[in-house]
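Morning, everyone. I have one structure for you today, and I'll keep it short. Please bring it up on your screens.

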Amino acid sequence: MLPCLTDKLRWRLMSDYNQYSDSELVLMLKQDEHAAFTEIYYRYWKRLFTLALHRLPSREMAEDVVQDVFSGLWQRRHHTLIDALGPYLAVATRYAAIRQLAKSRQTLDTAELPESLLRAEDEAAAVRFLQQSMQEQLKQLPEKCRLVFDYSRNKGLSNKEISRELQISEKAV
């Protein structure tokens, strides 16, 4: 995407193009001027990298995001309406970082998950299994026993209240 620049050539380009405003550089970019793109790149790369690095867990991911933003800028230079270059690039970087995070979360391997999260998932699965087993066992109880259990455990009634409700003795409860 970017031509390989020697320091001397870069200095010459920078001395010529660093005088231009962002809006002038955008106009030149739309006219396929590589030097204008290079000036934009050097003018904004560090700021965008810092912005991406604050949102992403690694330098490599931040570098990829910034590269994607500049690549997109070049590819859409003829079609994109840019009023303010700095804010446009900042917003593009934020959205690219969010997409990168979403993509990395989709490919996250369970081996990379913290042990506490894995334990919590195991415990939640165990609770679901126990609840399922308990429901199956309750279905096998006679109707009155099931009602007693329901009133006691789910509704929190005392033995006396259950006996009154079901019209049975408190000992039977």
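A caution before we start. This is a predicted model.

Start with the fold. The chain has eight helices and zero strands. Read from the N terminus, the elements run α-α-α-α-α-α-α-α. The chain has 173 residues, and buried residues make up 28% of them.

Now the salt bridges. How many are there by the rule used here? The count comes to three. Let's take them one at a time.

Begin with aspartate 22. Its partner is arginine 43, and the closest N and O atoms are 2.7 Å apart. This pair links distant parts of the chain. Aspartate 22 is in helix H2, residues 22–30, and arginine 43 is in helix H3, residues 34–55. They are 21 residues apart.

Arginine 43 has another partner. Its side chain also meets glutamate 39 in a salt bridge, at 3.2 Å from N to O. Here both residues sit in helix H3. They are four residues apart, about one turn of the helix. Is glutamate 39 buried or exposed? It counts as buried, because its relative accessibility is 3% and the cut-off for buried is under 20%.

Next, aspartate 32 and arginine 77. Their side chains form a salt bridge at 2.6 Å, N to O. Where do the two residues lie? Aspartate 32 is in the loop between H2 and H3, and arginine 77 is in the loop between H4 and helix H5, residues 85–106. The pair therefore ties together parts that are 45 residues apart in sequence. Look at the cover on each side. Arginine 77 is buried, with a relative accessible area of 15%. Aspartate 32 is partly exposed, at 35%.

On to helix H4. H4 has 17 residues. From first C-alpha to last, H4 reaches 24 Å, close to the 24 Å expected at 1.5 Å a residue. Which residues of H4 are buried? They are Met61, Ala62, Val65, Val66, Val69, Phe70, Gly72, Leu73 and Trp74.

Glu60, Glu63, Asp64 and Asp68 form a negative surface patch. Take glutamate 63 from that set. It lies in H4, residues 59–75. Glutamate 63 is partly exposed, with a relative accessible area of 37%.

Now the backbone. Most residues other than glycine have a negative phi. Two residues here are worth a look against that background. Aspartate 32, from the salt bridge with arginine 77, has a phi near 65°, a positive value in a residue other than glycine. Glutamine 167 also has a positive phi, about 55°, although it is not a glycine. Glutamine 167 lies in the segment after H8. It is exposed, with a relative accessible area of 73%.

Stay in that segment for one last residue. Alanine 172 is also placed after helix H8, which covers 159–166. At 52% relative accessibility, alanine 172 counts as exposed.

Key:
Residues numbered from 1 in each chain as written. Predicted model: local features only at pLDDT ≥ 70, side-chain atom pairs only at ≥ 80, totals over all residues. Heavy atoms only, no water. Patch = residues over 30% accessible without salt bridge, like charges linked within 9 Å, V, L, I, M, F, W, Y side chains within 5 Å. Areas by Shrake-Rupley, 256 points an atom, 1.4 Å probe, with all protein chains shown as cover. Salt bridge = Lys/Arg side-chain N within 4 Å of Asp/Glu carboxyl O. Lys, Arg positive; Asp, Glu negative; His and termini not counted. Charge placed at Lys NZ, Arg CZ, Asp CG, Glu CD. Buried < 20%, exposed > 50% of the residue type's maximum accessible area, 1.4 Å probe, protein only. Expected span 1.5 Å × (residues − 1).
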